[in-house]
Amino acid sequence: MPYLGSEDTVRELRRALSNPNVQSDHLRYRNTILKVIRAMSQGVDVSGLFSEMVKACATVDVVQKKLVYVFLCSYASLNPELSLLVINTLRKDCQDPNPMVRSLALRNMTNLRLPSLVEYVEQPLTAGLRDRAACVRRVAVLGWAKLHNLQPNSDIDAAVVNELYSLLRDPDPVVMVNCLRALEEILKEEGGVAINKPIAHHLLNRLKECDVWGQCEALKVLQRYRPQSEDELFDILSLLDPSLLSPHPPVMAATVSLFLSLCSGLPAVSLSALERVRGPLLAACGSASREMRFAALCHIQLLLRSLPGLMGAHYKRFFCGYAEPAYIKQRKMQVLVELVNDDNVALVLDELKGYCTDVNTDTAQAAISAIGRIGRSYSDRCLEILTGLLGLKQEHITSAVVQTVRDLVWVCPQCSDAVCLALEGCEETLQDSQGRQALLWLLGVYGERVSSAPYVLEVFIDGVRSEVSLGVKTELLTATMRLFLCRPAETQDMLGRLLHYCIEEETDMCVRDQALLYYRLLHCGIEETRKVLQGRRSDPSLGVLIGRPAEPVSQWARSFNTLEPLRQDAAETDSASGGSAEPVTSDPKPNTDLSDTLNPSQVEMVHTEGASLCPESSADFLASAAGVPLSLSLSPALSPEEFERLWLRRQGLHAERGGEEKEEEEDCVCVEERVHCPAPPRCSPQSLQAALQLVNIQALAFTPPHTLPWRVYLYTHTTHTHSHANAPRTTLILGELLYTGEAKESKGRVKKEADDGEDAGEGAMEGKEEEKEGEEVTDDRLSERETEGGEREEEEVKVTLKQQPRDEEALKAFLSILATVLQTLSSERA
């Protein structure tokens, strides 16, 4: 906003600029112009001096010209008519013997940014492209890009484009790089600069002449070039090899990105290049620039997805410094979690323990969370540290510890005894809602082992009227109901008071409806209530999950040296440590052929929620899916934590939905199928992972073979164009494959009883004996059991899919693809 009294300031400056005595003294005149620029920078509106400043630009003083041009470029848009007066002076300066004056005139001629002046600017710019001075050519090349940006709908003369292409061979490296930038802007709609073999080799040979940012620009453009032979490819890689070890991190990152682009079909070469940049990346982690350190850490996390052991020997480089900002400390802790192994786990845990008492609460809670993730593989050591932190009686530490042990006990049920002992007295220091919800969940699930559980819940119930968190209220209802089922005498009275308040006085409808649900459930009897509320306390199958396999480099190569790794939140960057501290590498070359089509009779529709997807027959189901042009993609990547959050949220939505509300539900769908296949539960996890990745389906977690129940969690993004719309539509599909072995056992019992019908008593005895033996079924018996007709019995794998946004055609096509994969694996194992 202009200062008060600016009119007097402008009047005084105008008087000085018009004074002949001042104009005759070059030093006084320059100082007066300097005062105008100073007033302009302070917010004074000096646009009224435009005509006086136009006169001042007609001088041989280069310093005065620069000052005047700054003023004219700032106020040209407010005085388009008077700006025409500047053109004559600028065009005259373009022919000045001094190359600095010529370049200055060209630069400011394009910086005026007035469409009415374009016709006056084109001729000087064309002459500037052929100027003998390199500084003039640099400005002229960028000037054409500015003109195109000023009038994007106008066509640039083809002769100018050809001239710019010819300047790619200019002896000045800055002119060459500026030509690349200008052509990228001018030919944006055509895909940018067209890179052929001569241009590519010319750019590669002149990389060393360019500065840091010029090298980055050239390397970025070279990603479009594809070598015509393998010999040419390796010649290019040899030229790029020194840049991999460049001391400048931007050049190193751009070179790695080009390596990954050129070697997309040579994974061994890509991995070798990534191993070579370990040193430069570690050096960037110690850079004085915080931004550079953060970017290096994010890209190291990206590399660890394919090379888990890349930084294993250098884990101490990721220990946090005292003066480092919180966001860098948190990233370093995430990297440390991925580098933990049997040799360094003691040192890493000891280091993380020190961070748990950091003055920054976010850093302390991140350290506690990191210890919890390591606890999935080293539960005893981590529990000892976590329970010791509870003795500090710090609010934010206690809250983070309770939330961490809540998540840990779900994956590692063997930790439940130690967790129950540590819960005594935690409620006294818990103030935030997330920590109290975690404590209530633990008390509800393991309340029979915690002696003070009823008394803790009673304190919460007595203060429920002053509770502001709806999540705490709903968790309190569930915990009290669960505790009532195992300790009814101590909990009956408080449960009645809580239900009465939630039903009669609570204003929130979600809490009131949940209380009504529990009240009506109690009327159905204790046994029915027990069936609903006393579910699994943990998932044993998740406790033995094999670690996330090393991902192919191609899955994240496109995001390297971009902002995407920096935008990932903590949940996404922690995905590499989802199951185990030492991921297992998968075989990227399975012996499977997924081109075979699947018989439609192998898919049977069982149950549908949220949308009417059930066709008249499974044959119609796959027939309708066969004509859908569908493409699957793994980008953007989904972490196990994000998958779990989305999966449980969709599950909760469908569980709470009423009969009439199903037709008006949000834009999501849940569907269950059964696929007949004889052997997928017995294929190796590596084969399954590789087979799914061939069709761009990512398996996030899976149980080991020979284990019942056998399950796989997977996801993918689908893209296809509807028949009634031209715009492609993208959806996210989450899936679960489940095999329990129950269907086959029941089939065997029914068939045996039918065949032995002559002796019903003996048949019944044999049926019971077979049922008893079925409880200990092994992999060998599953693979060798056959029907009496000599044919192998088909097993059923339950497929549960959840999709958002709803797209029925894409879901049908995806199910057909998934069934094809399962059937192909089955035929290979048969």
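Analyst: Zero disulfides (pairs of cysteine sulfur atoms within 2.5 Å) are present. C298 is in none, with the nearest cysteine sulfur, that of C285, 9.7 Å away. C298 is buried at 2% relative accessibility, where buried means under 20% relative accessible area, exposed over 50% and partly exposed in between (1.4 Å probe, protein chains only). The model is predicted: local features need pLDDT of at least 70 and side-chain atom pairs pLDDT 80 or more, while totals for chains, interfaces and linings use all residues. Residues are numbered from 1 along each chain as its sequence is written, and side-chain values use heavy atoms, without hydrogens and water.

The part to examine is a helix pair. The axes of α25 (residues 433–445) and α27 (residues 470–486) come within 8 Å and cross at roughly 10°; axes are lines fitted to C-alpha atoms, for helices over the stretch in contact, with angles from 0 to 180 degrees between N-to-C directions. The two are therefore roughly parallel (under 35 degrees). Contact (heavy atoms within 4.5 Å) involves residues including R436 and W441 of α25 and E475 and L476 of α27.

R436 also forms a salt bridge with E467 (2.7 Å, N to O), the term meaning a side-chain nitrogen of Lys or Arg within 4 Å of a carboxyl oxygen of Asp or Glu. E467 lies in the loop between α26 (453–462) and α27, so the pair ties together parts 31 residues apart in sequence. E467 is buried at 12%, and R436 is buried at 15%.

Note on methods: Helices (H or I, at least four residues) and strands (E, at least two) are DSSP runs, numbered from the N terminus. Angles under 35 degrees count as roughly parallel, over 145 as roughly antiparallel, 65 to 115 as roughly perpendicular and the rest as oblique.
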